[in-house]
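I opened the model to look up helix geometry and charged side-chain pairs. My notes follow.

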Amino acid sequence: MNRRRAHEDDDGYERLHRKRRRVSENQEIEDRLESLILRVGEKSSSSLESNLEGLASVLEADLSTFRGKILRILTDCAIRMPEKCTIYATLVGLLNAKNYNFGGEFVEYIVKTFKENLKAGKWNAARYCLRFIADLVNCHVLAAASLITLLETLVDCANEDGVPQVRRDWFVFAVLSTLPWVGRELYEKKESFLEHLLVTIEVFLNKRSKKHWPALKVWSTDTPHLQEEYLDCLWSQIKKLRQDNWSEKHIPRPYLAFDSILCEALQHTLPAIQPPPHNDNDTYPMPRVIFRMFDYTDCPDGPVLPGAHSIERFLIEEHLHNIIEAYHLERKECAAQLLCFPYKAKIPLEYCIVEVIFAELFNLPRPRYLEIAYGSILIELCKLQPSSMPQVLAQATEILFLRIDTLNVACFDRFVNWFSYHLSNFQYRWSWEDWEGCTQLDIDHPKPRFIREVLGKCLRLSYHQRIKDITPETFSAFVPLKPEPIYKYSMEGAASLPGTEAAHQLVVCVRNKCTPEEALNVLRELPNPLREGEQPATAQAAPHNPLKIDVFVQTLLNLGSKSISHSFAAISKFHYVFKILAESEEAQICILRNVWELWQRHPQMVCVLIDKMLKTQIVECSAVATWLFSKEMAPFFTHGYLWEVLHLTIDKMNKHVSKLSGELQEAREALAKADSSSSDSEEEGGTKKKKDQDKPTEEAVERMEERLEAAHMDQKRLFLIVFQRFIMILSEHLVRCDTDARDPVTHWYRSTVGRLQQVFLVHHEQVQKYSSTLETLLFTQDLDPHILDVFHQFIALTA
């Protein structure tokens, strides 16, 4: 009996082992299939046609076991690697010719994926799905009439009423961007239907509003290159393609080699596809303006750059954008993939790459990725292609500098950041002498301003003497001052200042490691200049003591001036004193004035310290905004660091609101989940007790709602302050110029209007929530049309 039980145990172990081995073998086969599908189309010793034929046979043999896996991998690959769309379409075509049922299942699967992506708002994935569906017509998997019906349905969505224009734009863009792949097939088989589709699209484009277009232009003028709205540009490219009988020279079409096999296959029809209706919570891709920097005259002898309205230009640029999207986190791999572009022999590749990278960097409202990502990719490209890439990049820099007068303000900042970072990686070498003419221009002119800003940013990446050494003598006016504090209580004539004695006492006190309370005692006897001459009865009217703030802030931060870490340590240790002194908004503005007075030669330190004070809640966002727009800061309005401080302040407020909103959402979900599970009487006592402890109370959720509401009020107030100050400053300038009969469109005015536009664009998601309030209170019809136009362009972005 014991022997028999042992034998049964062995048998059970063997069965389990066999099952595990079978699962392991299946996993290996799945991984091998995935690898084969992923790598098809890559360089190999065999031709693409023979690889596709072999892979189709392998997949057909495994369909019975791995059908679901194969459906998923093929669809994922077509969406994630859209540049290989035609390869995967050919593979599906070959499988359909061998197994009609699989072809039908694949059509069902890709349609389901398309619908899911539309519903989830994954617009790029949905567009690549549509492209793949269209390409299946070329492979005789789908009937052309079936695709025409789908395209007509999508174009009908562009004529819906009561939906945002960005939604309607997307459906037209999705259809137009599919036509280069399938236009020829539809032209040959369904010409009248295709023409009707194009007429419908043209009618839509002709009546479509483009109020948003000026706000998204990198350059304000259209010379030498037209800055076209993306749908207009694509429409011109499609019209040119139609003139050329739908023939293009860029898309690989491996299915042509299998025409005799594919044309014998039975075709499928698409089920009825109705896109999901618009929901107010849906977000759609923003409109764009196509960035152009080069044309064929900029490129030396060699392959010719395709024209701005040739479909090849669209296909090349989209392919390069896709490479950046796939590899942007790996700069070395990204540079290598860009330089391995499959059609590099037919085009001036370096010029195309540089134009596409700057198009991404200058994309408005924001670049897709961190600015430094593009800078690091360009550095790798220069290392991999040292014979040509640095020259093309230098040429691009010269073009940008030459046209900088009309460059968008946000793009101006990005150009400064990129160029200073690039110089820091190439020993700050540049032919500055070529730009010597700028020394004769007005200091507020964009060209001298650019040089000043670049050298200021280079200083952050280097040290003062180095920056002095790299610049010619003629550029000495642009070299930033040595970044050191100006501590007035140790300067000549300090003895006559009212707070000097207390400042010296505070220095001794802090060096002796005093407590915050002891530091306050030193300041206690200082008189309040705001209360001089007041009667005792009105002594409470003055809300803060500017002299106390002056002595404390300047002395403490001067003692911590050795490094950012020393300054942070000082702020942390004496945080209590800061909070006592910063009892009102006026007091907080007084603190900011003193930070500026001490560190105005070191803008980076000003930015870092204000950021720290916002984080530690010493100053509020509204106080920073009010100080930035105060009279004493007006001379610095054309300096980039002032706007750097403004944007970090707005970002801080936006992150605070977003954090509270996320926490409230989580708490509500946890409460709802706990309430729904509380009715389960079979739940174990211990587990239920623990869940009750984790569950937020309704009172806690109410408190969170109140905090979020208060944060929204603060955010709205911040935007109202910012936009009101912009309107006041610009209106005063216009009135002054009108009184003096001067031209109001100065460099200062262009820059300030650009900054207003930048705030709207960069923070558009948050500002959008308060657009009706802004329209009612600030951007009223009696405002100057130049200022009002900026607001209307912003509203049009998502109208």
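I started with Asp 244, which is partly exposed at a relative accessible area of 36%. This is a predicted model, so I read every value below as computed from it. Asp 244 meets the side chain of Lys 240 in a salt bridge, 2.9 Å from N to O. I looked up Lys 240 too: partly exposed, at 34% relative accessible area.

Next I searched the whole structure and found 41 salt bridges. I picked out Arg 242 and Glu 195, whose closest N and O atoms are 3.1 Å apart. Arg 242 sits in helix H10 (residues 230-243) and Glu 195 in helix H9 (residues 191-207), so this pair ties together parts 47 residues apart in sequence. Arg 242 is partly exposed at 26%. Glu 195 is partly exposed as well, at 27%.

Then I checked Arg 292 with Glu 317. Their salt bridge has its closest N and O atoms 2.6 Å apart. Arg 292 lies in the loop between helix H11 (259-262) and helix H12 (311-327), while Glu 317 is in helix H12, 25 residues away. Are these two residues buried or exposed? Arg 292 is buried at 5% relative accessibility. Glu 317 is buried at 14%. I followed the shared partners and got one network of Arg 292, Arg 313, Glu 317 and Glu 355.

Last, I looked at helix H2 (residues 48-80). Its 33 residues would reach 48 Å if straight, yet the end C-alpha atoms are only 20 Å apart.

Note on methods:
Residues are numbered from 1 along each chain as its sequence is written. This is a predicted model: local features need pLDDT of at least 70, side-chain atom pairs count only at pLDDT 80 or more; totals for chains, interfaces and linings use all residues. Side-chain values use heavy atoms; hydrogens and water are left out. Helices (H or I, at least four residues) and strands (E, at least two) are DSSP runs, numbered from the N terminus. The expected span of a helix is 1.5 Å times one less than its number of residues. A salt bridge is a side-chain nitrogen of Lys or Arg within 4 Å of a carboxyl oxygen of Asp or Glu. Buried means under 20% relative accessible area, exposed over 50%, partly exposed in between (1.4 Å probe, protein chains only).
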